[in-house]
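Welcome, and take a moment to look over the sequence and the model. The paragraphs below will walk you through it one chain at a time.

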Amino acid sequence: MGFPHKPHARETVVLSKYFGDAEARSLKGWKKRGGYEMLDKALGMDPNAVIEEVKNSGLRGRGGAGFPTGLKWSFMPKEKKKAHYLCVNADESEPGTFKDREIMRWTPHALLEGTVIAAHAIRAEIAYIYIRGEFTEPLTIMEQALAEANAAKLFGKIKVYLHRGAGAYICGEETALMNSIEGKRGNPRIKPPFPAASGVFGMPTTINNVETLVAVPHILKNGADWYKKLCLSNPKSTGTKLLSICGHIAKPGNYEVTLGFPLKDLLYELAGGMRPGRTLKACIPGGSSVPMLNREETESTLLDYEGCVEKGTMLGSGGVIVFDDTADMVYQTMRLTRFYAHESCAQCTQCREGTAWTTKILERILAGQGKTSDLDLLLELAENMTGKTICVLSDSCAAPVVSAIKRFRGEFEDYIAGRRKPVLAA
Amino acid sequence: MSVTHPEGTEPYEPVFEGHRLEELNKLLTRYPNRQAALLPALWLVQRERGWISDQSMAEVAEVLGITPAYVKGVVTFYTMYHQHPVGRHFVQICTTSPCNLCGAEDVMKAFLKESGAGELGATSPDGRFTVIEVECLGACGFATPILVDDDFIESVTPEKVKEIVRKYL
């Protein structure tokens, strides 16, 4: 449902069915709603059969990259020689995204069930659920659910532990997350080796996003074919996706739709459209790291992995940030780059320097001291920040800058030419 | 356990004794090595002491078999660990883009005024509040979210700030 709103008839409610239903949080309440039936089934299945089913469903990672989940699981060594680990990425920190938070707040057992099924599939004995430090409420709810499930001895030999982060966006990057579990600074690692060969504690590891894992019990219950049929456009994008909508929108919240759903309908029908008297100016469809779209592009985008790429952006984590005609795109772009400057782990020069200088130049423009050469300078910096670093944080900072200058160049030029009043002090 | 103190400082009372040591030992069973318990150990220190001093870092280092410099490297990486004492209530206000669009900066200004903190990072003269601006709290649909200590408060508007400030003595 479009939590905190009532579900809309055009939503496909699978993962969010029990959002807002406090009874679903308890083990008793969850079992009453059919919870943990698939766990028992999965633990009795051959791990390869579980992987095959998920592979056939077409499920792709919901954290942002969209990598096929079953394929990722199949990269784990077939012959087990070392300990295997599962890491669950609940470090949801991508501006615009707040879906995993709702999953953990309302259906903690759904995540535990998906986690243990995945751990079984990849033959892991231990699963760490890495929850961002600021998520105090989801953490408490997950702790209670885990204690209940452990007391009922539901997980067989598989152990699940919660690991609290401490305020670092970069720990959502898979190898940074692993370093953080190991008690290190959250610096991303150079790949290869990939996690399936050498992940957390140097052992074969799979890492999955929260939303990805909660889809797994539904796939086992209803079958891969059922999941594959949840598709409105490209057959490579199957299933439902939670979309978090925020910013200048009448009804912000989480909406669950079948992949391929028109972004336009999501905005104007499900999420209630613009605020009274306002019109759409821009939209970032997949969390702050993906390029922004103008109104025309937004209104013709289909929400799936391919549909977003077709418009020059990405589905990412499904965090939809809406900007109406009152938004100052220059200021908001600076606000986004400031986020990346703050969150850079500072390992790579292009990122450490690039995010900081991009922000400083944008601040200079907003203070009325921009130069005509600044836009070219920003684009040149962005070029040097893309595809040249250990992880993609640097690229993610460049994306809003390049896309904003491309689509809203006039707004930048207005500040530089003195046609617009400076909003920052010099 | 013994911890060496820099000359001229107050005697240091270790955190990891009695039930807190038991709590740490339980945490250690979750990981294949002691270093991995660093983040949870630091959270324990902050829960008990309100912040993480150099002496606490030295204690954690000793307990986990790593160096104080290493511990400091980790503490300084993560923004939620306090390296200095803070007010009785630590307030974190999200001002990243989605919340920014919804007026987060006005919430921040109202909080700085009502709490008496005056400026970001400062503590109010009565010692009640330290207010900081943070990047994305992950609740963008409930703008503006704030964290007061461990209380996550959604949909804060400037008008609601006075009442929130009144609640935290």
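Predicted model: local features only at pLDDT ≥ 70, side-chain atom pairs only at ≥ 80, totals over all residues.

Residues are numbered from 1 along each chain as its sequence is written, and chains are lettered from A and ligands numbered from 1 in the order in which they are written.

What is the radius of gyration of chain A? Its value is 22 Å, which agrees with a compact globule because one of 426 residues would come out near 22 Å; the radius is taken over C-alpha atoms, and the globule rule is 2.2 Å times the number of residues to the power 0.38. Along the principal axes, the C-alpha trace of chain A spans about 70 × 45 × 35 Å.

Chain A holds 17 helices and 11 strands; these are DSSP runs numbered from the N terminus, with helices (H or I) of at least four residues and strands (E) of at least two.

Now turn to chain B. Here you will find 7 helices and 4 strands, and along the sequence they follow the pattern α-α-α-α-β-α-α-β-β-β-α. The C-alpha atoms of chain B fill a box of roughly 50 × 40 × 25 Å along the principal axes. Of the 169 residues in chain B, 43% are buried.

Definitions and conventions. Buried ≥ 20, exposed ≤ 12 C-beta atoms within 10 Å, placed from the backbone.
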